[in-house]
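Colleague: I have a model open and would like to learn how to read it. Can we go through it feature by feature?

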Amino acid sequence: LKGMFLAIPKNHIWCKTGTLNGIFCLSGYLQTRKGRILTFSILQNSFTEAITTARKTAESLLMKFYQDD
């Protein structure tokens, strides 16, 4: 998770990653700007791009949830 979620305060996201060849998973909890706690689990399967692309996609989605609550 190093280098991810830099725009979200550290005490607002708790998560764990998992990776295998062609698979990226990210699960955890996100506290939105308004204080709501969301539970999430993202599984990206059979992707052919670099792992950084999968991470950026997940980060972008969670950033939207963080901001739009």
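**Reading the fold, step by step**

Modeller: Start with F5, which sits in the segment before β1. Keep in mind that this is a predicted model.

Colleague: Is F5 buried or exposed?

Modeller: F5 is buried, with a relative accessible area of 6%. The cut-off for buried is under 20%.

Colleague: Which residues does F5 touch, leaving aside its neighbours within four places in sequence?

Modeller: F5 is in contact with I13, C15, L26, E59 and L62.

Colleague: What should I look for in the backbone?

Modeller: Look at phi. Most residues other than glycine have a negative phi. F5 is not a glycine, yet its phi is positive, about 60°.

Colleague: Where is S46, which also has a positive phi without being a glycine?

Modeller: S46 is in the loop between β3 and α1. Its phi is about 60°.

Colleague: Is S46 buried or exposed?

Modeller: S46 is exposed, with a relative accessible area of 61%. F5, by contrast, is buried.

Colleague: Now the sheet. How do I read the pairing?

Modeller: Strands of a sheet pair through backbone hydrogen bonds, either parallel or antiparallel. Here an open sheet of 3 strands has the order β1-β2-β3, and the pairing is antiparallel. The edge strands are β1 and β3, each pairing on one side only. From one strand to the next, the twist averages 5°.

Colleague: How many bridges does each pair have?

Modeller: β1 and β2 pair over 8 bridges. β2 and β3 are joined by 9 bridges.

Colleague: Which residues face each other across these pairs?

Modeller: Take β2 as the reference. T17 stands opposite L26 in β2. On the other pairing, G28 has F40 in β3 as its bridge partner. S27 has S41 in β3 as its bridge partner.

Colleague: What links the strands?

Modeller: Two hairpins. β1 and β2 form a hairpin with 2 residues between them. In that turn, G22 has a positive phi of about 80°. β2 and β3 form a hairpin with 5 residues between them. There G35 has a positive phi of about 95°.

Colleague: Which residues of β2 are on its covered face?

Modeller: F24, L26, G28 and L30 are on the covered face. The uncovered face of β2 has I23, C25, S27, Y29 and Q31.

Colleague: Next, the helix. How long is α1?

Modeller: α1 covers residues 51–68, which is 18 residues. From its first C-alpha to its last, α1 reaches 26 Å. That is close to the 26 Å expected at 1.5 Å a residue.

Colleague: How do I find the inward side of a helix?

Modeller: An α-helix has 3.6 residues a turn, so residues three or four places apart point the same way. In α1, the buried residues are A54, A58, L62, M63 and Y66. They cover an arc of only 165° around the axis, which puts them on the same side of α1.

Colleague: Which exposed residues are on the face turned away from that side?

Modeller: K56 and D68 are the exposed residues there. The relative accessible area of D68 is 52%. The cut-off for exposed is over 50%.

Colleague: How far is D68 from R33 in space?

Modeller: They are 8.2 Å apart, C-alpha to C-alpha. In sequence, D68 and R33 are 35 residues apart.

Colleague: What covers the buried residues of α1?

Modeller: The cover includes β1 (13–20), β2 (23–31) and β3 (37–45). α1 lies across these strands, running at about 20° to β2.

Colleague: Last, the core. How many residues does the largest nonpolar core have?

Modeller: The largest nonpolar core has 15 residues. Those with the most contacts inside it are F5, I8, I13, L26, L30, F40 and L62. β2, β3 and α1 each supply at least two residues of this core. Its largest share, 5 residues, comes from α1.

Technical notes
Residues are numbered from 1 along each chain as its sequence is written. This is a predicted model: local features need pLDDT of at least 70, side-chain atom pairs count only at pLDDT 80 or more; totals for chains, interfaces and linings use all residues. Side-chain values use heavy atoms; hydrogens and water are left out. Helices (H or I, at least four residues) and strands (E, at least two) are DSSP runs, numbered from the N terminus. The expected span of a helix is 1.5 Å times one less than its number of residues. Buried means under 20% relative accessible area, exposed over 50%, partly exposed in between (1.4 Å probe, protein chains only). The arc is that of the directions from the helix axis to the C-beta atoms. Contact means heavy atoms within 4.5 Å. Two strands pair if DSSP finds at least two bridges between them. Axes are lines fitted to C-alpha atoms, for helices over the stretch in contact, and angles run from 0 to 180 degrees between N-to-C directions. A nonpolar core is a set of buried Ala, Val, Leu, Ile, Met, Phe, Trp, Tyr and Cys residues joined through side-chain atoms within 4.5 Å.
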